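Here is a short report on one structure. Look at the sequence and the model first, then read on.

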Amino acid sequence: MKTVSSLLDERWYERYKKISKLNIRSSIYDVTDHCNLRCKGCFFFSSDEHKAASEEKDVSKWHTFVEKEMARGVNLAILIGGEPTLCLDRIEAFYQRLPTFCATNGLIKVPRERFPDMMVGISLWGSQEDEILLRGKDTFKISSNNYAGDPHAYYLYTITPKQLGKTEQIIKNVEGVGLKVHMQLLSNDEGVDGFSWQPEQLMDIRAEMDDMLDKYPQTVISSKYYHEIITTGRMLGRPFGWSECPSVTITHDNRTPQPKRLTNFIRWASDLKTTHRCCTSETRDCSTCKDGAAHMSWVMVNKRGHIRTTRDLQNWIEVYEMFAKLYQFIPW
Ligand code: SF4
Ligand code: SF4
């Protein structure tokens, strides 16, 4: 029988041991229904998730809620929105108690005296031209000024088909301000003309992402297996989609048979009562979903399937390490 130790040499086994201890239990929280941008293709607004609930304004209720989430076993809070930095008191309710990640557009600087080591993931949608087209603003100019050199921040670069051939300049820009970058692909939830992926573009962007990782290993936090999975939508010969997705809110999960999934995962709306279907758009057709975190988690929850060949298991380890770095469970 194939076992982990039989497939790995000593060096890889050490890497495996470090991550196998982590036992990460994440959930996702909409901190607010408001944002200081309105990006074309934003999954939150395009699926009307901002109307799903009326946000809880009493901060003491957020504190009580976080305690209950911890009792449920959550050990990583992923804060999204809207724009979480509009509500720092609510962020604090999480940050005081457990490892917390804050997704932001970077326009407002998280005060580091209040949140010294909170990991911040800054969204970036491409070049200045694309950012202005899709988001109405050159956010990099502002966010890089706010976060240059910050050891607890990185760019979450959403690559669009228009970025083909242009990613290197973005990576260089990020490197130039002393930050790291993680790449994911746009799902184009609002059908903006020219921003939906065609099969040949996915092949090309996979090669380009691989190339960026080879050229900028100190700046790009990624893995080639992750590039393969998000561009092909296939893992171990199986297609990604509703029947395989690991990031479905547990209380919405009526699938039979139930696939491997994130333990007790819930995505909460900002009223702290309503839950959304999954980690991303409520209305997205799963067959078009390119969500990076869902694909990453898909690999992570399917460890057993990767105990097949040395390369498969190494691929699994690399994706797990990538996730652990992005959420600060292991150092860059
Ligand atoms: S910054 Fe984020 S939450 Fe705000 S509109 Fe853009 S994608 Fe949506
Ligand atoms: S939209 Fe994506 S993340 Fe949500 S359930 Fe479908 S496949 Fe999963």
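**Helix 7**

Helix 7 (residues 139-147) has these buried residues: Thr-139, Phe-140, Ser-143, Ser-144 and Tyr-147. Seen down the helix axis, they fall within an arc of 110°, so they line one face of helix 7. The arc is taken from the directions from the helix axis to the C-beta atoms. An α-helix has 3.6 residues a turn, so residues three or four places apart point the same way. On the other side of helix 7, Lys-141 and Asn-145 are exposed. Buried means 20 or more other C-beta atoms within 10 Å of the residue's own, exposed means 12 or fewer, and partly exposed lies in between; C-beta atoms are placed from the backbone.

Helices (H or I, at least four residues) and strands (E, at least two) are DSSP runs, numbered from the N terminus.

**About the model**

This is a predicted model: local features need pLDDT of at least 70, side-chain atom pairs count only at pLDDT 80 or more, and totals for chains, interfaces and linings use all residues. Residues are numbered from 1 along each chain as its sequence is written, while chains are lettered from A and ligands numbered from 1 in the order in which they are written.

**Strand 1**

Five of the five residues of strand 1 (residues 26-30) are buried, so the strand is largely enclosed by the rest of the structure. Ser-26, Ile-28 and Asp-30 point one way, and Ser-27 and Tyr-29 the other way.

Strand 1 runs parallel to strand 2 (residues 76-80), joined by five bridges. Here Asp-30 stands opposite Ile-80. Two bridges join strand 1 to strand 9 (residues 267-268), also parallel. Strands pair if DSSP finds at least two bridges between them.
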